[in-house]
Amino acid sequence: MNRYNIIIADDNVNFTKNLYKYLKQISPIINVVAIVENGKQLLGQLYKHHIDLIILDLNMPQMNGIETLNQISHSLKINFKILIISGNNELLNKITLSNYTMISKILVKPLRLKDIYSSLIEIIELQNTVRIEEKIQDLLSSFNFNRTSKGYTYIYKCIIKSIENENLLYNIQNSLYSEIAKETNETICHIKWSIQKSINVMIKNTNSDVLDKYFPYCPKITSKVFIKEIIRILKRSCK
């Protein structure tokens with residue numbers, strides 16, 4: 001089970017104490033690694049931990065949220081997301097999401113603890129989707145596919161759907177291909193033919209060492225074999 005490291009940055013001590021207790025009780029995947037009261041303290045913590053997400057209030061002493069966002073934007077490699085919470089309209093009006101790409105969502109105080117939790121889970125799920133898609137693209141880049149072909153598009157869709165519902169792999173033609181056919185308004189036969197054609201072309205254009213690395217015991221790489229093996233590799237990389 002993956003855990004997500006979070007920092008809470010807010011100078012309201014009672015609020016942060018209650019939020020910490022709530023998150024600890026309700027979610028085993030959320031790990032609050034630090035609670036800070038201003039931007040200076042937050043910046044110091046960023047060098048001590050691997051951070052996935054920050055809950056950031058805007059109205060804080062010494063260094064407010066806007067100043068903190070500017071510091072983060074200019075001086076740090078950003079690999080985390082930020083959930084803004086604030087009741088200060090003046091500061092909220094200064095935020096332009098296009099200038100702060102690390103901001104995933106803004107919540108306006110007063111708010112309920114469960115609303116913060118729901119937003120955290122929403123952000124985490126979105127980030128997981130992005131990371132999985134990046135892993136798929138990275139893995140498929142090992143093979144010399146024609147990325148503009150319909151077959152490649154169908155392969156990508158098959159992998160995404162199989163990750164979402166692994167049961168589709170038990171009957172690829174009637175379950176998985178059927179799902180893709182409905183989504184693309186094509187026939188199952190067309191989906192199957194396009195995928196296998198794309199794989200056949202890929203096999204001809206891909207270095208044999210690469211194929212031997214990923215399919216060492218497969219004399220023939222069919223569409224079913226390829227998709228199942230890619231899913232197995234992805235599952236292993238996510239552990």
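A pocket, as I use the word here, is an open set of grid points with protein on both sides within 12 Å along at least five of seven lines, and a lining residue has an atom within 4 Å of a point. One caution before the details: this is a predicted model.

I'll start with the second largest pocket. Its lining consists of His50, Asp52, Ile78, Asn79, Phe80, Lys81, Gln127, Val130, Arg131 and Glu134. The space inside comes to about 180 Å³. Sorted by class, that lining has three nonpolar, three polar and four charged residues. Which element supplies the largest share of the lining? Helix α5 does, with four residues.

Rolling a probe the size of a water molecule over the atoms shows where empty space is left. How many cavities of 30 Å³ or more are counted? The count is one. The largest cavity has a volume of about 40 Å³. Around it sit Tyr4, Asp52, Leu53, Ile123, Ile124, Gln127 and Arg131. Four of these lining residues are nonpolar, one is polar and two are charged. Again α5 gives the most, with four residues. Asp52, Gln127 and Arg131 are on this list, and they also line the second largest pocket.

Now to the helices themselves. Helix α5 covers residues 113–140 and helix α6 covers residues 150–164; they pack at an angle of about 135°, with axes 11 Å apart. That angle makes α5 oblique to α6. The crossing is right-handed. On the α5 side, the residues in contact are Ile132, Glu133, Ile136, Gln137 and Leu140, and they meet Tyr152, Tyr156, Ile159, Ile160 and Ile163 of α6. In this contact, eight residues are nonpolar, one is polar and one is charged.

Helix α6 has another partner, helix α8, which runs over residues 188–205. Are α6 and α8 roughly parallel or roughly perpendicular? Their axes come within 8 Å and cross at roughly 105°. Angles of 65 to 115 degrees count as roughly perpendicular, so α6 and α8 are roughly perpendicular to each other. From α6, the contact takes in Lys150, Gly151, Tyr152, Tyr154, Ile155 and Cys158; from α8, it takes in His190, Ile191, Ser194, Ile195, Ser198 and Ile199. By class, seven of these residues are nonpolar, four are polar and one is charged.

To recap: α5 gives four residues to the lining of the second largest pocket and four to that of the largest cavity, while α6 packs against α5 and crosses α8.

Conventions
Residues numbered from 1 in each chain as written. Predicted model: local features only at pLDDT ≥ 70, side-chain atom pairs only at ≥ 80, totals over all residues. Heavy atoms only, no water. Axes fitted to C-alpha atoms, helices over the stretch in contact; angles between N-to-C directions. Helix = DSSP H or I, 4+ residues; strand = E, 2+ residues; numbered from the N terminus. Parallel < 35°, antiparallel > 145°, perpendicular 65-115°, else oblique. Left-handed = near helix turned anticlockwise from the far one by under 90°. Contact = heavy atoms within 4.5 Å. Nonpolar A, V, L, I, M, F, W, Y, C, P; charged D, E, K, R; others polar. 1 Å grid on protein atoms, 1.4 Å probe; cavity = no way out; pocket = protein on both sides within 12 Å on 5 of 7 lines; lining within 4 Å. Points joined across faces, edges and corners; volume = space filled by probe spheres on them.
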